[in-house]
Structure formats: C-alpha cells, structure tokens
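Subject: Structure for you to look at

Dear colleague,

I am passing on the structure below, as you have not worked with it before. Please open it first and then read the notes that come after it.

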Amino acid sequence: MSVTDIEKDPTTRTMRITASFDAPVDAVWALWADPRLLERWWGPPTYPATVTEHDLRPGGKVEYHMTGPEGDRHGGWWRLTVVEPSQRIEFDDGFSDETGAPNPEMPVTAVAVTFEAAPDGGTRMVITSTFPSTEVMEQMIEMGMEEGMAAAMGQMDALLA
C-alpha cells in the first residue's frame, strides 16, 4: 500500500497522511487534476466517486458524490484556495446534502496536499487535514476518515502502474 504513515495530533487538530509512489510527481498530480482519474481513487473501494464539477484553480470547486454498495449516496465538495500544479493543493473540504448543496450541519476541514519528488524518481505526497476543533477531529475519525482515506489512497498505485 502507498500510505507509509498516519499521524494524528489533537493539539494542532491535524491528521497527516504520508504516501509514497513509484511514479513521477506529474503522474501523481494527474490523479487529482483529471476528474476521471480522481473518480477512480477518491473514496473507499466500496464507495466509488462520481465527480460532477471539477474546476481545479484558486477559487474553483470540485463537487462529487460517492455511491455505496446499497445505492446510498454521500456528497462532498472542495473549495480550492491554492493550486500550484505538481506542487500543492489547498482546499476546504465539506459534505453536501441530498441536493448537492453544502450541508451546514457537518464540519468543514481545511486540507493541504503537497507533492515532492523522491530521490529514486518516485513521489512523496502528504495530505494534512486541519479540523475546526478537537471534537470535530474525533468525530471525523470515529466516522472512519482515517481508514477511508488510507483505503482510497491505496487505489492510486494501480492507476500509476
């Protein structure tokens, strides 16, 4: 599996997931930049994503839903604040209601993703999620965020092969 480390720090309200890939940075970046590729790994294997909007630029947004094995749908959105191709993406990550609108009853997490070339020609990717409170961090971890992200990122290797 590509995930090499997961660190949770309640003091800073962050969860940091580090992954390594045997592929160049541009190839790993493409998994975020191409909505059809993003669909193939974003979300756990049993909850595939459908990206309905993908505007990867500062001020842009990504909207998607994941469909569960029973046909249940779970929506989400990103509001992009920083996009530096093949280097960094930062966005606010939230949940959508059944109409696709942001769900104000669910928390919003700030996410920063960095891409770094490894000496062996591979890529080191770090996803840092910052939660608005320790309670929200605990809630998201209890909802399975850690396992879900690790499972989703585990699908990236096959796409990079």
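The notes below go through a helix, a hairpin, a cavity and a pocket in turn.

Please keep in mind that this is a predicted model, in which local features need pLDDT of at least 70 and side-chain atom pairs count only at pLDDT 80 or more, while totals for chains, interfaces and linings use all residues. Residues are numbered from 1 along each chain as its sequence is written, and side-chain values use heavy atoms, with hydrogens and water left out.

I begin with helix α3, residues 134–142, in which Val136, Met137 and Met140 are buried (under 20% relative accessible area with a 1.4 Å probe and protein chains only, whereas exposed means over 50% and partly exposed lies in between). Helices here are DSSP runs of H or I with at least four residues, strands are runs of E with at least two, and both are numbered from the N terminus. After α3 comes Gly144, which has a positive phi near 100 degrees.

Two of those covering elements, β1 (residues 3–9) and β2 (residues 14–21), pair in the antiparallel sense over 6 bridges, pairing being assigned if DSSP finds at least two bridges between two strands. Val3 has Ala19 as its bridge partner in β2. The hairpin has 4 residues between the strands, and Arg13 takes a positive phi near 60 degrees in it.

The structure also holds 1 cavity of 30 Å³ or more. A cavity is a set of points, on a 1 Å grid over the protein atoms alone, where a 1.4 Å probe fits but cannot get out, while a pocket is an open set with protein on both sides within 12 Å along at least five of seven lines, and lining residues have an atom within 4 Å of a point. Residues that line the largest cavity include Met15, Trp42, Phe91 and Met149.

As for the largest pocket, 34 residues line it, and Tyr64, Met66, His74, Gly75 and Phe95 lie nearest its centre. The element that gives the most to this lining is α4, with 6 residues.

Best wishes

Key. Points joined across faces, edges and corners; volume = space filled by probe spheres on them.
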